[in-house]
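Subject: Structure handover

Hi there,

As promised, here is the structure for you to look through. My notes follow below it.

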Amino acid sequence: MPALFDIRDLAKVYRMGEVEVHALRQINLRLDEGKFVVLLGPSGSGKSTLLNIIGGLDVPTSGEVIYRDTSLTHADEADLTSYRRQHVGFVFQFYNLIPSLTAVENVALVTEISDSPMDPAEALKLVNLGERQDHFPAQLSGGEQQRVAIARAIAKRPAVLLCDEPTGALDISTGVIVLEALERVNAEMGTTTVVITHNAAIASMADRVIRLADGRVVSVEDRTEKLAPRDLSW
Amino acid sequence: MRITPLNRKLFRDLLAMKGQAIAIAMVVAAGVAVYVMYMATFTSLQRTQQAYYQRQRFADVFASLKRAPLRVVNELAALPDVSVVEPRVVSTVTLDLPAFEEPASARLVSIPVNRRPLINDLYLRRGRWIEAGRSDEVIASEGFVLANKLNPGDRIPAIINGRLRQLTIVGVALSPEYVYTIRPGEMVPDDKRYGIFWMDEQALAAAFDMEGGFNDVAIGLAPGVAPDEVIDGIDRILEPYGGLGAIPRSLQLSNWTVQNELNQMQTFGVLLPVIFMTVAAFILNVALTRALALQRPQIAALKALGYTNRAIGWHYLKWAFVIGLVGVVIGTAGGASLGSAIIDMYNSFFRFPVLLFGVPVHVVVESLALTFVAAGAGAFTAVRRAVAVPPAEAMRPEAPPRYRRSLFETPLIARQLGTAGRMVIRNIARHPLRAAASVFGIGFAVAILMIGFVFNGAIERLIVTQFWEAERQDVTISYVEPHSSTAQYALARLPGVMAVEPQRSVAARIRSGHHDRYLAISGVSPTQRFKRIVDRGGQAIRMPPGGVVLSLTLAKVLQIKPGDVVTLEVLEGHRPVRTLEVTGIVDDIMGLSAYMDITALHEMMHEGNVANGALMLVDSAHEAELASTLKKTPAVAGAAFKRAVLQSFRDVMAANMSLSIFINLIFAGIIAFGVVYNAARVSLSERSRELASLRVLGFTRAEISLILMGELALLTLVALPVGGMFGWGLAAAMVHTIDSEVYRFPLFVTRQAVAMSFLGIIVAACVSGLIVRRKLDQLDLVAVLKIRE
């Protein structure tokens with residue numbers, strides 16, 4: 001199976017005043033097409049930094065990230081914008097919906113700028129929100145807002161869906177519904193999905209679990225037995 | 001002194017929002033600057049004027065007459081409340097200044113030789129007083145001397161009562177009577193071609209056959225006496241001697257002009273700062289409301305620590321006061337330098353011994369008070385709302401903003417709008433008051449800029465109406481004495497003269513009930529070849545054969561309408577008194593004017609084709625030759641060449657208007673910039689998370705800029721027509737204060753004036769938009785997604 005991302009000797013160093021912070025050290029990873037990947041690790045383990053680099057929000061200090069056949073390492077600002085625009089779907093911890101736009105308009109925001117998008121209403125149906133498409137964010141619950149965010153992320157048919165603590169701001173039952181939406185997208189559309197979380201329970205629904213600590217990969221686990229979100233034990 | 005932690009917080013918070021704080025402070029500064037500029041100039045000018053009038057004993061009543069024997073002085077002095085009477089001989093003569101082709105003229109005013117005048121005393125700047133028995137010595141007015149670069153000892157040829165005489169300047173002086181010197185009948189002063197010469201009483205009387213008599217008188221009244229009561233008595237005494245009607249100090253041309261300037265300054269000095277301060281209060285409110293929303297956790301923490309609502313409220317009110325204080329400091333300095341520029345300009349029009357600019361303490365105190373009221377009012381609701389939130393509530397993030405579809409979004413429009421358009425429209429609809437405040441603020445910037453351009457356009461219109469439509473002649477001649485039509489034929493033979501039209505006007509008092517005015521009645525020929533009666537739109541009015549046509553201003557003063565009758569008391573010749581029907585009222589640009597058919601005028605005066613002046617069409621190739629001939633023609637008292645008059649008119653107006661347009665441009669720029677910048681910063685602060693999310697989703701910088709800038713562009717676009725209306729109203733209000741009996745200022749809002757002001761504001765809005773756009777480029781995409789607002 002071809003690799004969607006090939007990450008080689010990736011390192012990221014931040015300068016915080018006088019101190020150098022090594023957020024990532026010598027990461028080597030392969031992320032395959034169509035997989036559901038969970039990045040696990042405590043705060044400060046570097047998982048968000050890794051996600052940001054994969055998502056084209058940040059560039060590494062050294063090493064290389066190859067997306068399909070293209071290197072993201074030397075991409076400039078405009079290249080990264082276009083990469084995000086065409087290939088990446090983002091789901092944020094705090095949803096980041098545009099409060100002045102309805103659910104369907106939030107999805108349309110993305111479909112308007114992509115090449116072969118889904119119908120926004122279709123995308124909302126996929127996350128079981130077809131009925132609520134004309135509601136404004138303030139009229140939706142947290143879980144519903146997150147599902148709108150997922151619909152917005154997948155509507156452009158991205159190659160990869162990057163989710164940063166997608167259930168972090170939600171209670172268990174709502175979190176399950178959101179994870180079901182992610183699972184469905186991964187299964188039905190074949191979208192490679194990367195979820196970062198510090199909730200180890202979510203690992204049970206992944207194809208591959210990558211554990212990070214102190215900027216290094218401590219273990220990579222390929223799983224064959226995937227649990228449904230409903231069966232996860234929190 | 002120990003700085004409390006709260007005050008330290010105050011300064012750091014202000015530092016953090018320094019861009020907005022400076023923008024608001026600049027709008028406050030603009031208001032303070034206008035106030036200081038006008039009020040300090042007003043006070044400086046008024047104090048100088050009052051001190052000068054008092055020291056030089058400026059007269060209370062002025063009267064001109066044909067000729068009266070000196071014993072009449074005793075009769076005048078015997079009137080109750082009259083304290084001083086100074087009889088004079090006054091005459092206008094042609095000067096033969098070699099530097100000019102066209103003749104210059106001077107007003108000769110007699111002064112006693114061996115004493116100083118009892119009233120209207122001169123302020124001798126240089127040289128000496130005239131010596132007894134020296135009939136060639138004159139003291140010249142400073143404006144004339146400076147404009148012509150003359151010095152004591154210089155000689156000037158003048159045609160006095162038909163004879164060429166050499167006058168020697170022995171002194172340079174100023175007079176409270178001629179603070180503002182203008183040749184009668186002209187619109188702007190021309191110091192090069194018109195001056196005042198003071199001359200020995202005896203010599204002047206001898207030259208004009210006035211020995212033992214006088215033709216002008218200045219009268220001083222007992223303190224506190226209203227001149228109106230005395231004027232009737234003076235008119236009664238002077239009537240048999242060809243009295244032309246006494247006028248109080250308030251109508252004396254020089255004083256009237258200075259007074260009018262003072263009145264205008266006072267009006268603008270109150271009106272404009274109030275507008276500026278209102279705008280400042282609005283944007284302060286918007287900025288503080290947003291800043292305090294960001295401070296919710298801090299307010300909660302302060303409350304939890306035990307700070308009272310009052311202490312926290314005062315802390316945030318101080319934000320506004322500190323910003324206001326910075327505005328007062330900048331504004332006072334700015335106003336002082338603009339005010340001194342205005343005083344410099346006044347010094348070129350008004351002649352005072354010393355006119356210095358100073359900023360009185362009371363003006364600074366008042367501007368401080370005005371600022372604190374505006375800052376307090378602007379901050380009050382923002383602070384109250386923020387402080388009123390209970391502590392636990394304040395700890396939680398503010399509820400997500402509720403949006404609705406705006407009223408504009410019919411399905412058809414919604415489809416057209418696109419996502420960015422919808423975001424813009426809904427954001428505006430969610431804060432309608434804030435949007436209105438921005439529109440109001442930008443609108444006033446448009447208005448202030450527009451005023452300058454409107455006045456510029458009005459002057460151009462005035463020039464066209466006055467110099468091309470109403471008066472089509474090239475040269476206007478006035479005779480020393482009325483002449484028969486033979487003079488006209490003599491003029492026609494002069495070099496370059498192509499056509500001559502005689503002009504006849506007589507001094508008269510026009511009366512209706514108890515309203516009256518002194519003015520010159522102009523005779524109009526039925527053909528109206530050169531001089532025409534035109535309304536303010538430039539349309540010529542047909543002169544009816546009978547009756548009298550009045551200007552609208554005069555009709556208003558006399559409170560009459562067409563068909564009413566007025567009484568005309570002619571002050572020349574056999575002084576006929578007639579009752580005439582008002583056969584027309586013309587809405588013109590001049591002040592008080594009255595016209596009669598020239599034949600009817602001759603009949604009333606029992607005279608043939610008499611004229612006291614002529615209008616001529618000349619070949620410009622021979623203008624120089626004609627001018628030098630006219631200079632040496634004794635019967636010609638004055639000759640005004642349109643080209644020269646127009647040039648000096650334009651010079652004066654250019655000097656005047658460029659300063660005020662420049663000032664308006666600065667102030668409008670500050671307001672527009674302040675309002676747009678503030679609106680953009682607030683919008684950016686509220687939506688940075690939203691915009692950063694869009695960037696993460698793959699939107700380009702240009703695309704998110706469009707959303708933020710689109711909102712500003714829309715507000716600016718809406719503000720333009722609103723501002724156009726404000727500008728029209730403000731210009732109308734200002735024109736109203738100028739509208740006077742001397743001349744009326746036409747209100748012409750030209751397309752060009754509107755376009756220029758719109759353009760100016762669009763540029764200012766773009767500049768502030770671009771500055772804020774740079775902030776968009778600095779959005780931290782990663783950080784903004786992590787924190788929950």
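Which residues of E3(A) point one way and which the other way, and are they buried or exposed? Phe36(A), Val38(A) and Leu40(A) point to one side of the strand, Val37(A) and Leu39(A) to the other, and all are buried. (A residue is buried if 20 or more other C-beta atoms, placed from the backbone, lie within 10 Å of its own, exposed if 12 or fewer, and partly exposed in between.)

Before I go on, a word on conventions. This is a predicted model, where local features need pLDDT of at least 70 and side-chain atom pairs count only at pLDDT 80 or more, while totals for chains, interfaces and linings use all residues. Residues are numbered from 1 along each chain as its sequence is written, and chains are lettered from A and ligands numbered from 1 in the order in which they are written. Helices (H or I, at least four residues) and strands (E, at least two) are DSSP runs, numbered from the N terminus.

Back to E3(A), residues 36–40: because 5 of its 5 residues are buried, the strand is largely enclosed by the rest of the structure. It runs parallel to E8(A) (192–197), with 5 bridges between them, and Phe36(A) stands opposite Thr193(A) there. E3(A) also pairs in the parallel sense with E9(A) (208–213), over 4 bridges; Leu40(A) has Arg211(A) as its bridge partner. (Strands pair if DSSP finds at least two bridges between them.)

In chain B, you will find an open sheet of 4 strands in the order E2-E10-E1-E11, with antiparallel pairing. E2(B) (82–88) and E11(B) (247–248) are at the edges with a single partner strand each, so one side of each has no neighbour in the sheet. E1(B) (61–69) is joined to E11(B) by 2 bridges, and Phe62(B) has Ile247(B) as its bridge partner.

Also in chain B, H9 (309–349) and H10 (361–388) pack at an angle of about 145°, with their axes 8 Å apart. (Axes are lines fitted to C-alpha atoms, for helices over the stretch in contact, and angles run from 0 to 180 degrees between N-to-C directions.)

Finally, the interface: 23 residues of chain A are in contact with 21 residues of chain B. (Contact means C-beta atoms, placed from the backbone, within 7 Å.) H2(A) (77–87) and H3(A) (103–111) are the elements giving two or more residues to chain A's side, and H3(A) gives the most, with 4 residues.

Best wishes

Key. Contact = placed C-beta atoms within 7 Å.
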